[in-house]
Amino acid sequence: MVAKKAVDEISGRMTVPAGRLVAHSPGRRGIWHWYEDHARGTGEMARRFAEPWGGGELAYRLGRDHDTGKGACAWQDGLIEEATTGRKVRRPAHHDAGAFLFAQVARQHPVLTPFAGVIEGHHTGLSAWSELSVRLKGLMRDSGKVNEAISRVAEVMPEILDGTCPAVPDWLDPCNRISVEMLVRMTYSAVVDADRLDTAAHFRPGPLPRPGAGMPQLWKRYETRRQEALAERRRRKEPSWLDGLREDVYQEAIETAAGEPGVYRLHLPTGAGKTFAGGGFALRHAALHGLRRVIVAVPFISITEQNAAVYRNLLDPEHGSRTVLEHHSAVNFEAPDRHAPRSSGTSGDVHQDQRRARPNRWAKLAAENWDAPFIVTTTVRLIESLFGNSPSATRRLHRLANSVIVLDEVQALPDTLLTPILSGLRELVEHYGVTLVLSSATQPELAALNPWQTGLPQRDIVANPAPLFQLLRRVRYDWRTGPEVTLKSIAAEATTHSQALMVVNGTKDANHVHKVWLGDRDEDPSTLHLSTRMTGGHRRETIQAAKQRLDAGLDTLLVSTSLIEAGVDLDFPRGYRARSLPESEQQAAGRINREGHRPTEDSIMTIFEPTDGLQPQVIYNRCGIAAASRRFGKGLADPDDLDILCSYYQHRYRLQAGRSSTDPNGATGEAIEALREKLDYPETARQMRMIDNEHSVAIVAIRSQLNQNDRQAAQNAIEQLRSGIPTPETYRTLQAHMASIPQRELETAIKAGHAVEIAGDLYEWTGPYHPQRGIEPAV
């Protein structure tokens, strides 16, 4: 009797009054999410998100009508049954009705028709226009399966049948397909984020924690804490000429921040205070021009962590919500299960395949929407947001509007993707209120490429950087070639110095040099190794150990891959760099005599070409190597010659760029730009991936050297992922335990029992882990 009463009470709460429609089940509160509340709430929020670029009315309409298909009886009955019984009920797809409704209205203004894809893909991702148009035509011929849903929704929301056509931003040129493509992306982002937030508010009512500080307050806090840190440093140590130079650079950056929004270049030599100057410029510029946030994108996770720590010290409040969001990932959170069956045919419905390839249960962990005033992320994440087609990747895109984007180490952008990247960034600057800062010691000549050749001026934050490069030149270059030059011979020479850095072109070469140095010893605290085969935490410990030994004047030999070249604050008296691109060679030289305490003549950076090492043309841009070989080397220019560096970049791009931005014969991504013009979002996303997961994958390795607490925390995080119930801190906990290995080595390790699946494409390493070298390369 008691059980029956409980069931009756539940059934009573689950009853939906006649004439009402529901959008989501009651959840913990026992209150239905009424359809009209969700539709109007999503529309209004999407409107707010899109107003900065003049797309508020369009975003409202798409947000309001995105769930129209939920009006169908079968969908409503299925949700009610599921909520009442607790059993999963298969319900029909609900995206076609709203897409059809919008496509009908868009007949008045054909440029709007592709925006029906915002509704059609709000759960599954943006489809290619070639596929979407076919589906819309099919619905136009036979609208029977969507008319019922539209009619039932119209009974509670009659405004969906008003037939008016929403306005597009007045700046939109219907003939400019790239502008249309990006506007679809931005609108999709606004609608998807609004949908997710409105749904989350139903299931988890209450205000979301938000940082309370605006840009003017953050700028004031940044400057106050910077001054406090400088005063503390002066109390501990007499200021040097280099400290004075950095302060002059910073003050010039702050003055330039008053300039109008647009594209700026921060061209400074290594050690001139680029991180502080870039952050100060961005915050003051945002405060003066009413911009909403600052986004700093860097090429490597190691720099992300380092820069985020610097900015947190300057910006995070002592109590309350954090200001600085650090967002990065070495894992493909949206990878379908690698064991899922694949279609054997080629004639199946591609859209159905996309629907089935849903993210793993824990993929939502990575779907942060960048609702923070200061974000430090990776370039991979930024490009994924700009050119992805999935809801989780694209959800945060609208947050870029009215922001300052700092592209740190901009020279690291891959040549093969430059045309679409520059084209996309130009759209953000010209139509979405973005100020773009290009930061690097080796500024590439991006204006030489088609998307930026005309009409997009670039201003220098530091007006005349050339004298700074002369003043801060702290190394003398030495060039070594010939059959006698090998990794072993250079490694042997390095041991004649008490402190030396050797940078090589790959993990196998780094592994080989470290073994040569160790000889018969298992390990040696004075002989260090850095590569991505070591976990993030292991790398940080090694960098810290090297810094402490160098500061104490202890013997220190360090061999590293190129990961040391960007943002790692180490100061060696002697360096060796295997031949690569000049920008990489100059960055490596930035770790030699970094603080300028030694005479330049005595601080030698040797560039060598090992006959037994990985050759630069194998891993670096071939056209870059060809352009560099004519300009840099023995008897030629050094890598820090700014005029020659400018000529090198121009030649390098000429060797690759097609005749136009859409020339498929170009090698800077012209073919991808052509895909964008066709509104082929899935293929664009596939070709714009900056990390090729077929060749490099992230794995979790729990080192035996960890203390018990860290080991247990890592193991708990792994179990949370395996169980499908992670917390927001789960991934961040594992980040310190992630290393990278080639895909083929992972497959071999799985067969040997050295790697065990955690979830998705993430594996736990259970094989050998060297205490200094990490996961050793396969022989």
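Mentor: This is a predicted model. Start with a helix pair: α5 and α7 are roughly perpendicular to each other.

Trainee: At roughly what angle do the axes of α5 and α7 cross?

Mentor: Helix α5 covers residues 96–105 and helix α7 residues 129–141. Their axes come within 10 Å. An angle of 65 to 115 degrees counts as roughly perpendicular, and the crossing here is at roughly 85 degrees.

Trainee: Which residues of α7 meet α5?

Mentor: By class, the contact has six nonpolar, one polar and one charged residues. From α5 come D96, A99, F100, A103 and Q104. On the α7 side they meet L136, L139 and M140.

Trainee: Which are the edge strands of the open sheet?

Mentor: The sheet has six strands with parallel pairing, in the order β10-β15-β14-β11-β13-β12. An edge strand pairs on one side only. That applies to β10 (476–480) and β12 (527–530).

Trainee: Is I718 buried or exposed?

Mentor: I718 lies in helix α28, residues 708–723. Leaving out residues up to four places away in sequence, I718 touches V700, I702, L734, I758 and E764. Its relative accessible area is 0%, and the limit for buried is under 20%, so I718 is buried.

Notes: Residues numbered from 1 in each chain as written. Predicted model: local features only at pLDDT ≥ 70, side-chain atom pairs only at ≥ 80, totals over all residues. Heavy atoms only, no water. Helix = DSSP H or I, 4+ residues; strand = E, 2+ residues; numbered from the N terminus. Buried < 20%, exposed > 50% of the residue type's maximum accessible area, 1.4 Å probe, protein only. Contact = heavy atoms within 4.5 Å. Axes fitted to C-alpha atoms, helices over the stretch in contact; angles between N-to-C directions. Parallel < 35°, antiparallel > 145°, perpendicular 65-115°, else oblique. Nonpolar A, V, L, I, M, F, W, Y, C, P; charged D, E, K, R; others polar. Pairing = 2+ DSSP bridges.
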